[in-house]
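Good morning, everyone, and thank you for making time for this. I would like to walk you through one protein, slowly, with the picture on the screen beside us.

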Amino acid sequence: MAEQQEQAAADAMMTRIGQVAMLLHGGDREEARGRFLDLWTEIGEDGDALHRCTLAHYMADAQDDPTDELAWDLRALSAADALTDALTDTRLVEQQSIAVRAFYPSLHLSLAVDYANLGRSEAARSHLRRARDTVDVLGDDAYGDGVRAGIGRLELRLDEEGPSGGASEPAPGQTPGQGRGPGGETLGPPRQRP
């Protein structure tokens, strides 16, 4: 009975995170940021790793500052790593482990985009390699295709910039990474629940 209650609470949190994500994708970034922060406080720094990963992955999209976006994407990766580390050797855990591995291509792609937008091409290339190395866990569906396409677009962008990361200067009044549209995702697929 207690296990069922815990599962219901976990599902409720994922639903709440998804509702705020819909608000974000509807264009209300400021309201979404506030609600995500409230949920983050409720979950806590040491709360359920799946919740932290999912929320941080979406929260990164709600940021206006590329440095803040990077910080949230790093939190998402850290939570995914914590989730992976917490798994034990059972059949159910094996299935969960496969699901967790499916987070990594998108998480690394997001970090690669963040670093590219901050002019840190070596870090961008490192995470892009990790995304490319883990993409085989994704299905042949719209989400997997979107992640693979995002990887390809970022590879082209970094190749055009050259090994030194000669990113073009931002337009007057813009910081690096601005002008990428809602959620900062011109290079990858819309973020979905990992």
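This is a predicted model: local features need pLDDT of at least 70, side-chain atom pairs count only at pLDDT 80 or more; totals for chains, interfaces and linings use all residues.

**A walk through the helices**

Let me begin with helix H7, whose buried residues are Ser121, Ala124, Arg125, His127, Leu128 and Ala131. Buried here means under 20% relative accessible area, while exposed means over 50% and partly exposed lies in between, all with a 1.4 Å probe and protein chains only. Helices are DSSP runs of H or I with at least four residues, strands are runs of E with at least two, and both are numbered from the N terminus.

Residues are numbered from 1 along each chain as its sequence is written, and side-chain values use heavy atoms, with hydrogens and water left out.

Now for the overall picture. The protein has eight helices and zero strands, and of its 194 residues, 44% count as buried. If we take a contact to mean heavy atoms within 4.5 Å, then among the contacts with a separation of 6 or more, 64% are between residues 24 or more positions apart.

Returning to H7, its 14 residues should span 20 Å at 1.5 Å a residue, and its end C-alpha atoms are 20 Å apart, which agrees. The expected span, to be careful, is 1.5 Å times one less than the number of residues.

Is histidine 108 buried or exposed? At 7% relative accessibility, it counts as buried. Leaving aside residues up to four places away in sequence, histidine 108 touches Leu77, His127, Arg130 and Ala131. Histidine 108 and arginine 132 are 24 residues apart in sequence, and their C-alpha atoms are 8.8 Å apart in space.

Let us turn to helix H2, which has 15 residues and reaches 20 Å from its first C-alpha to its last, close to the 21 Å expected at 1.5 Å a residue. Its buried residues are Arg29, Ala32, Arg33, Phe36, Leu39, Trp40 and Ile43. Seen down the axis of H2, these buried residues fall within an arc of 130 degrees, so they line one face of the helix; the arc is that of the directions from the helix axis to the C-beta atoms. The face turned away from that buried side carries the exposed residues Glu30, Asp38 and Thr41. After H2 comes glycine 44, whose phi is positive, near 90 degrees.

Arginine 33, which lies in H2, touches Met59, Ala62, Gln63 and Asp64, again not counting residues up to four places away in sequence.

Helix H3 is mostly covered, with 12 of its 13 residues buried.

How many aromatic pairs does a search of the whole structure find? It finds two, where rings of Phe, Tyr and Trp (its six-membered ring) pair if their centres lie within 6.5 Å, and planes under 30 degrees apart count as stacked, over 60 as edge-to-face and the rest as tilted. The rings of phenylalanine 36 and tyrosine 58 have centres 6.3 Å apart and planes at 5 degrees, so this pair is stacked. Phenylalanine 36 lies in H2 (residues 29–43) and tyrosine 58 in H3 (residues 49–61), so the pair ties together parts that are 22 residues apart in sequence. Both phenylalanine 36 and tyrosine 58 are buried.

For tryptophan 40 and tryptophan 72, the ring centres are 5.0 Å apart and the planes at 85 degrees, so the pair is edge-to-face. Tryptophan 40 lies in H2 and tryptophan 72 in helix H4 (residues 66–86), so this pair ties together parts that are 32 residues apart in sequence. Both of these tryptophans are buried.

Finally, the nonpolar core, by which I mean a set of buried Ala, Val, Leu, Ile, Met, Phe, Trp, Tyr and Cys residues joined through side-chain atoms within 4.5 Å. Of the 46 residues in the largest such core, Ile17, Phe36, Leu55, Leu109 and Leu154 touch the most other members. The largest share of this core, eight residues, comes from H6.
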